[in-house]
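Please read them with the structure open.

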Amino acid sequence: MISFNDVSKRYPNGHEALKHVNFHLEKGEMAFLTGHSGAGKSTLLRLIALIERNSGGQIIVHGQHLGKMPDARIPYLRRLIGVTFQEHRLLFDRTIFDNVALPLVIAGFRHQEIRRRVRAALDKVGLLEKEKSYPITLSGGQQQRVGIARAVVHKPPILLADEPTGNLDPVLATEIMGLFTQFNQVGVTVLIASHALSLIKSLGYRTLILEQGSLIGDTYPTPL
Amino acid sequence: MKRPAATRPQSAPRPTPAPRPKKPLTQSHAWLAHHLYVLLASLGQFLRSPVSNLMTAAVIGIALALPTSLYLVLENTQHIGQSWGGTAQISLFLKANIDDAKAQQLADKLQQRGDMQHIRVISRQEALQEYRNLSGFGEALNVLQENPLPAVIVLQPVANITPSNTPKLIEEFKQFPEVELAQFDMRWLQRLFAMMSVVERGVWILAGLLALAVLLIIGNTIRLAIYNRREEIEIHKLFGATDAFIRRPFLYSGLWYGFMGSILAWLLVYAAFWMLREPIQQLSLLYHSEFELVTLDIPASLVLLFSGMGLGLLGAWLAVGKHLRVIQPK
Ligand SMILES: Nc1ncnc2c1ncn2[C@@H]1O[C@H](COP(=O)(O)OP(=O)(O)OP(=O)(O)O)[C@@H](O)[C@H]1O
Ligand SMILES: [Mg+2]
């Protein structure tokens, strides 16, 4: 589903954020991406959604070579990918409902379908009663969950999460990770960038470890 | 416009565990509904800050009202020219030694030319009578032994006056041995027509400049709107919005600015001409003329409306094309 083949990323200022990264994520697989701050985790996720273009190597997502993808096709790639952001990035002048509905509106779904799906997604993250509220009235953890609902509402085959538990207490963090494993169980390919090492360990999934832009570890859980 | 479903890459089979539902057959309804939604939403956005938006619309309205009212002034002038042009006359003042009989002979000769719709001979006696009545110098004339006034032939050419061929006609009449003086009564009309074609060109130039101003105003307004909604645009792009999708609300708001501007321009012009109506009516009474003021009729109003909306759309299009590309999600 996601293949990195000798991928490098050099930012315009000359900084090499990723160096010769190789890995392959199967369809329906779930993995964590970890490493110190500034290791290049967010950069790697951005390359998958073509928010940035890689400067070297080859990336294949959902069977498509990103290097050859013209700009006009990028929107359709992004509709296959649900993303959550380190800084949530909700629209503060819109209700929770409208925030979550955004990917569906963009994809041109019908009104009733949008209602049904948004409420289902909000129900899943436990925020159905907040649908008419504005993001400003929500706690950091609640905003994070709205971001997750928005990422999954259009049922994308790929889910990328950047630091989804950054603002959460351990109990809530475990709960959120539980949500991701649920999505994974219905076949979604999930890649989560996270610092929460002990939590990652306890969940027992494949873990990619970045350091200074290089992939220094790719560990699979030891079968019990 | 391409429908998203038609171009979605299908190179790999969909994952079976999380199948994306087939797009409903009523997709085009949804597409239309979306357009309608965006149209109304952009109106909503317009009404949300009515003062600043109305001010923008007012500037556009004034810019549109200027060439519109000049156009109307021109139309009215042309109207006056035409209604007076129909009565254009050429007066042939005959030499003093031409008596009434010879004058009548000349008139008959002119009649045979066939290009005069009306010929009237004012005999020397009649001329004197007329002069007496009109000038108030009747008593003074009584002192004179002899009638000092020549006979006059008043001609009205068939065609409506065309400023180009009357001078030729005048020249021709001047060659007649009986004619002392040939005079086109409406020489000022010629000048008026000449002046009007200058003014007309001026109106076009002004209209062009003001259209440019409208484009700049709308372009700048839309540019500000784009940067105010930068975060929103980025997030839309992150979730797969096409450029067309993002462009749409801005184009519609450009359309709304143009629409509101046109309406305001129409009202301004209407008000201005309404205020002018009474004095003009009095003026036309003085001239015994049944002059009817030309105002904005339905075709002209529609031209105004569509020009405004077209300029709004174009201004928005230019701004969007220039500034939307710069905004890429991070
Ligand atoms: N737009 C950019 N231009 C230049 N350098 C950048 C840019 N974005 C990130 N970097 C640099 O690339 C490196 C990797 O950044 P990245 O955001 O991927 O790290 P990260 O692993 O996500 O860190 P964190 O855990 O703090 O989120 C950092 O050194 C950062 O300074
Ligand atoms: Mg990061």
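1. Buried means under 20% relative accessible area, exposed over 50%, and partly exposed in between (1.4 Å probe, protein chains only). Ser42(A), at 16% relative accessibility, therefore counts as buried. Gln86(A) is at 36%, so it counts as partly exposed.

2. This is a predicted model, in which local features need pLDDT of at least 70 and side-chain atom pairs count only at pLDDT 80 or more, while totals for chains, interfaces and linings use all residues. Residues are numbered from 1 along each chain as its sequence is written, chains are lettered from A and ligands numbered from 1 in the order in which they are written, and side-chain values use heavy atoms, with hydrogens and water left out.

3. Ser42(A), through OG, and Gln86(A), through OE1, coordinate the magnesium ion (ligand 2) at 1.9 to 2.5 Å. Donors are N, O and S atoms within 2.8 Å of the metal (3.2 Å for Na, K and Ca); water is not among the atoms, so sites may look incomplete.

4. Chain A has an open sheet of 6 strands with mixed pairing, in the order β6-β7-β8-β3-β9-β10. Its edge strands are β6 (81-84) and β10 (214-219), each pairing on one side only. Strands are DSSP runs of E, at least two residues, numbered from the N terminus, and two strands pair if DSSP finds at least two bridges between them.

5. Within chain A, β3 (residues 30-35) and β8 (residues 189-193) pair in the parallel sense over 4 bridges. Leu33(A) stands opposite Ala193(A) in β8(A).

6. Ile81(A) touches, among others, Ile48(A), Val61(A) and His154(A), not counting residues up to four places away in sequence. Contact means heavy atoms within 4.5 Å.
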